[in-house]
Amino acid sequence: MRQMLYIAARAPRPGFTKTRLGSVIGHDSAAYLYAAFLHDLAQRFHGAPYELGWFITPPDTWPEIAPYVLSSGGFQTVIAQPDGDWTARQRALFATMPEREEDRTILIASDSPQVPIANVRHAFALLESHDLVLGPVHDGGYYLIGMRGASVCRVLDGVVMSQGDVLAILTEQAHRLGYSVGFTEPTFDVDEFQDLAALRTEVAIRADLRATRDALSALGLLDTVPSQRELVFAGEQPR
């Protein structure tokens with residue numbers, strides 16, 4: 001049985017990745033921080049008991065991503081994301097599992113650099129008894145999706161990823177199609193300026209977020225308390 005973990009990765013280009021965060025901290029800074037996310041994820045998952053691959057966009061970006069993720073050593077599978085929206089690109093990855101002789105495939109987002117190995121290990125364990133596994137994020141989406149067999153990719157048909165309750169919609173569709181669903185521990189993703197507060201909490205206690213911690217420090221974003229500006233973007237009144 002071949003178990004495969006893919007990490008979805010965008011080119012760490014200013015104005016191309018982390019644009020909502022970049023609108024607040026600057027697009028150069030957002031791209032710099034995102035590159036640190038990729039580095040930490042590569043370091044953490046290299047050597048795990050399953051194969052690691054990268055699901056990249058745009059197709060020509062591997063030379064930009066490789067310096068951040070290949071320092072961990074070893075060959076890693078690289079697949080370019082096809083055309084289409086994020087739903088179609090995910091579906092294509094899972095639909096082509098048989099071509100790569102994969103029995104269990106998991107895709108995680110690079111927007112959550114803190115995802116621990118334990119969550120992915122749990123997801124693979126869940127795929128022994130479930131067709132679909134999802135890792136919730138607190139905004140109603142998901143940071144992880146895994147499937148046992150290519151046919152399960154049907155659960156993505158017609159699902160619009162921009163919806164705030166996409167996790168619930170995907171779960172409902174899976175049950176309607178007769179697929180069993182398991183869930184890993186929820187976490188957060190880093191899309192907005194206010195998400196940096198949760199990220200700072202993680203880097204303060206985790207040894208496997210060194211690149212992210214160093215990037216936050218270099219950018220002057222490693223405050224231990226929310227700044228006045230952050231409170232405003234979080235929708236709170238500064239005190």
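Two strands count as paired if DSSP finds at least two bridges between them. The model used in these exercises is predicted.

**Exercise 1. Strand pairing**

Solution. 
- Step 1: Turn to the hairpin of β5 and β6. Five residues lie between the strands, and G140 has a positive phi near 100°.
- Step 2: β6 also pairs with β4, in the antiparallel sense over five bridges. There R104 stands opposite R148 of β6.
- Step 3: Check burial. Six of the seven β6 residues are buried, so the rest of the structure largely encloses this strand.

**Exercise 2. Helix α4**

Decide where the buried residues of α4 lie around its axis, and list what covers them.

Solution. 
- Step 1: Buried means under 20% relative accessible area. In α4 (residues 86–95), T87, R89, Q90, L93 and F94 are the buried residues.
- Step 2: These residues fall within an arc of 170° seen down the axis of α4, so they line one face.
- Step 3: Their cover includes β1, β2, β3, β4 and β6.

**Exercise 3. Helix α8**

Separate the buried residues of α8 from the exposed ones on its other side.

Solution. 
- Step 1: A211, T212, A215 and L216 are the buried residues of α8 (residues 210–218).
- Step 2: Their arc is only 135° around the axis, which puts them on the same side of α8.
- Step 3: R210 and A218 are exposed on the other side.
- Step 4: The buried residues pack against α2 and α7.
- Step 5: G220 follows α8, with a positive phi near 70°.

Conventions: Residues are numbered from 1 along each chain as its sequence is written. This is a predicted model: local features need pLDDT of at least 70, side-chain atom pairs count only at pLDDT 80 or more; totals for chains, interfaces and linings use all residues. Side-chain values use heavy atoms; hydrogens and water are left out. Buried means under 20% relative accessible area, exposed over 50%, partly exposed in between (1.4 Å probe, protein chains only). Helices (H or I, at least four residues) and strands (E, at least two) are DSSP runs, numbered from the N terminus. The arc is that of the directions from the helix axis to the C-beta atoms. Contact means heavy atoms within 4.5 Å.
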